[in-house]
Amino acid sequence: MIATWGTFGVVAILAQAIVRLSRYAIAAVAEFDLSPLQVALAVVWTAANLYAEGYRGFQRAFAPRVVARAFYLARHPRPVFVILAPLYCLSLFHATRARLAFTYAFLACLVAVIAAVQALPQPWRGIVDLGVVAGLTYGAAAVAVFYVRALAGRPLPVPPDVP
C-alpha cells in the first residue's frame, strides 16, 4: 500500500502536468495554421523528447529510482515519510547528499526552463509543450511499468539512494 501511494502519487503529479500542458499543445495544432517548418520542428522536437526525456531520463533513471524508493519506504516506513511518500519517491528528502544536490539543481533548472517556455508565444509554446507532454507521458508509463515489474519480484536497476 505504501509503495502504491508513493509510486502513483508521482504518476499523479506527472499526469497533472500532462493535462495542464496538453491545452497549449492541442491549441497549437488545432488553432494555428502551422507552416511546414513548424510541423517539421514539432515532429523532430517530439521525437527528441521521447528519446531524451522519456527513454534516457525517465526509463533509465527516474522511473526505476521512484519505484526503488517507494519499495524501500514500504520496507522501512516512517510515519512522516509515508504521508509524504510521493515527495520521498521524488528524492526531495531523505536521500544521499549527491542525490539531493542533483534533485534540487535539476528542479532549479526546470523552473528556469518552465519560465522561459511560458514566455513563448503560440504556436511555439504549444510546439515545445507537445514534446514535453510526449516525454512526460512516456515517463508516467515507465513509472507504472517499473512498479508492476517490482511487484512481480524483478529487481530494479538503480539503488534507492537513501543515506
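## Fold and overall dimensions

Along the sequence, the protein chain of this predicted model runs through the pattern α-α-α-α-α-α, which corresponds to 6 helices and 0 strands. Taken along the principal axes, the box filled by the C-alpha atoms is roughly 55 × 30 × 25 Å.

Among the contacts with a separation of 6 or more, 80% are formed by residues 24 or more positions apart. Of the 163 residues in the protein chain, 41% are buried, while the accessible surface amounts to about 9,000 Å², with 73% of that surface belonging to carbon and sulfur atoms.

## The largest pocket

The largest pocket of the model has a volume of about 1,300 Å³, and of the 38 residues that line this pocket, those closest to its centre are Glu 53, Phe 58, Phe 106, Leu 110 and Leu 136. Two or more lining residues are given by each of the elements α1 (2-31), α2, α5 and α6 (124-151). The largest share of the lining comes from α5, which supplies 12 residues.

Phe 106 counts as partly exposed because its relative accessibility is 46%, a value that lies between the limits of 20% and 50%.

## Asn 49 in helix α2

Helix α2 (residues 36-75) holds Asn 49, and this residue is classed as buried because its relative accessible area is 8%, which falls under the 20% cut-off. When neighbours within four places in sequence are set aside, the contacts of Asn 49 are with Gly 54, Gly 131, Val 132 and Gly 135. The numbering of α6 (124-151) places Gly 131, Val 132 and Gly 135, three of these contact partners, within that helix.

## Backbone geometry in the loops

Most residues other than glycine have a negative phi, and most peptide bonds are trans.

How accessible is Ser 91, and is it buried or exposed? With a relative accessibility of 2%, Ser 91 counts as buried, whereas His 94, at 22%, counts as partly exposed because this value is not under the 20% limit for buried residues.

A further backbone feature is found at Gln 122 and Pro 123, which are joined by a cis peptide bond with omega of about 5°. Pro 123 belongs to the loop between α5 and α6, the two helices being among the elements that give two or more residues to the lining of the largest pocket.

Note on methods: Residues numbered from 1 in each chain as written. Predicted model: local features only at pLDDT ≥ 70, side-chain atom pairs only at ≥ 80, totals over all residues. Heavy atoms only, no water. Helix = DSSP H or I, 4+ residues; strand = E, 2+ residues; numbered from the N terminus. Buried < 20%, exposed > 50% of the residue type's maximum accessible area, 1.4 Å probe, protein only. Contact = heavy atoms within 4.5 Å. 1 Å grid on protein atoms, 1.4 Å probe; cavity = no way out; pocket = protein on both sides within 12 Å on 5 of 7 lines; lining within 4 Å. Points joined across faces, edges and corners; volume = space filled by probe spheres on them. Areas by Shrake-Rupley, 256 points an atom, 1.4 Å probe, with all protein chains shown as cover.
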